[in-house]
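Please read them with the sequence and the structure side by side.

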Amino acid sequence: MYQINDNFQKLPGSYLFSTIAKKVNAYTQAHPEKKIIRLGIGDVTQPLAPAIIETLHKAVDEMGHAETFHGYAPDLGYDFLRSAIVKNDYQARGCGIEADEIFVSDGAKSDSADIQELFAQDVKIAVCDPVYPVYVDSNVMAGRTGTYNPDTQKWSNVIYMPCTSENGFVPEFPQETPDIIYLCLPNNPTGTTITKDQLQAWVDYANKEGALIIYDGAYEAYISEDNVAHSIYECQGAQTCAIELKSFSKNAGFTGMRLGYTVVPKDLKCGGVSLHDMWARRHGTKFNGAPYIVQRAGEAVYSEVGKAQLKEQVAYYMKNAAAIKNGLQDAGYTVFGGVNAPYIWLKTPQNMNSWEFFDYLLENANVVGTPGSGFGPSGEGYFRLTAFGTYENTVAALERIKSL
Ligand SMILES: *Cc1c(COP(=O)(O)O)cnc(C)c1O
């Protein structure tokens, strides 16, 4: 008789978004006349930029003619896209990354979940707390995280690096040395980031300890401050200790299109074995390429007109972020983030816990956000609002919160 991968049984239910949906449904049924404003989702709302739509149409037409039809894409991505990525995201920033170090994929979520396949069963991972849940859960499925303690909400074999207002949301080097360190900067859910110098210290630490950093740069396009790295490869020595994950979802609205890439430098070696070769082999065996038309759309993201349109789109969301941040501050809240990321992370008032504040906001302002405790134990007492709504809804939500 067959047996299942028991590690799946260890996963605690992810009740966060289903609990939110249930609570919102119950409220709207009891109060059908109330108009709910949702600032909880991590999905974009603006349509694809015109330059991208135009390119998509052209690519679709190409697929209708034998001479220009495209079948399977090259495993690692089309050269036109890998070249555009390297030129714009790396060479323009002085990073020595080359086109053949870019692995095009269908998004950063799958890459961030799959990358752990390269490592031994007994590696110890370190994550920020709170954190994007994929990093831990993918390691749980692989059987690497030990046992779960529902009281502390922690796994016995995971190193947690608390990021709270006490340390300015800057992860500190853990007491126990990790093998694999996940960093997402600018951060989801806290909306905060660290300086380039602070990131350099992490790169130096990883090289010294023989650890590997998995760097999730999904929110890079939202960086507005100087001295914040747009890529970990801006730091000296990162090519021997870091893998970088990037996505087209948040900078270009590709959440429904599916496109991302992972950088595995050729200098990244573990005991003489090239991680680049391993990931190429893994990609070639398990992945058949992102669609041609989507990769063409990705190329348009880097055209001059595409860049200008996307700059506006990011600015639109960041105007929302500023409206939320300033509005909450005016209303007396303690708020973080919203400067280099489309998330605002607020301290819940009057010692309410994250879920109490969720209920309070839903019932009194008819505004939906995300309880911070859903992202990890150190998220308790915090609450996330996103800037991905429309400006009108964002402003209306803030008016309601201010008048509470
Ligand atoms: C949204 C997001 C991603 C992007 O995932 P895709 O699969 O590319 O849509 C990756 N990491 C974090 C932390 C995110 O919030």
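1. A polar side-chain atom of Asn188 lies 2.8 Å from an oxygen atom of the ligand, a polar contact being a pair of N or O atoms within 3.5 Å (within protein, one must be able to donate a hydrogen and the other to accept it, and residues adjacent in sequence count only if both atoms are side-chain atoms). Asn188 is also joined to Pro189 by a cis peptide bond, with omega about 15 degrees, and Pro189 is found in the loop between β7 (180-184) and α7 (196-209); helices (H or I, at least four residues) and strands (E, at least two) are DSSP runs, numbered from the N terminus.

2. Please bear in mind that this is a predicted model, in which local features need pLDDT of at least 70 and side-chain atom pairs count only at pLDDT 80 or more, while totals for chains, interfaces and linings use all residues. Residues are numbered from 1 along each chain as its sequence is written, and side-chain values use heavy atoms, with hydrogens and water left out.

3. Which residues come nearest to the ligand? Of the 14 around it, they are Tyr219, Ser247, Ser249, Lys250 and Arg258, where near requires a heavy atom within 4 Å. The helices α5 (108-114) and α8 (249-252) each supply at least two residues of this shell.

4. Gln153, in the loop between β4 (148-149) and β5 (154-155), has a positive phi near 60 degrees although it is not a glycine. Most residues other than glycine have a negative phi, and most peptide bonds are trans.

5. An open sheet is formed by 4 strands in the order β13-β14-β17-β16, with antiparallel pairing, where two strands pair if DSSP finds at least two bridges between them. Because β13 (335-337) and β16 (370-371) stand at the edges with a single partner strand each, one side of each is left without a neighbour in the sheet. Between β13 and β14 (residues 343-347) there are 3 bridges, and Val335 has Leu346 as its bridge partner in β14.
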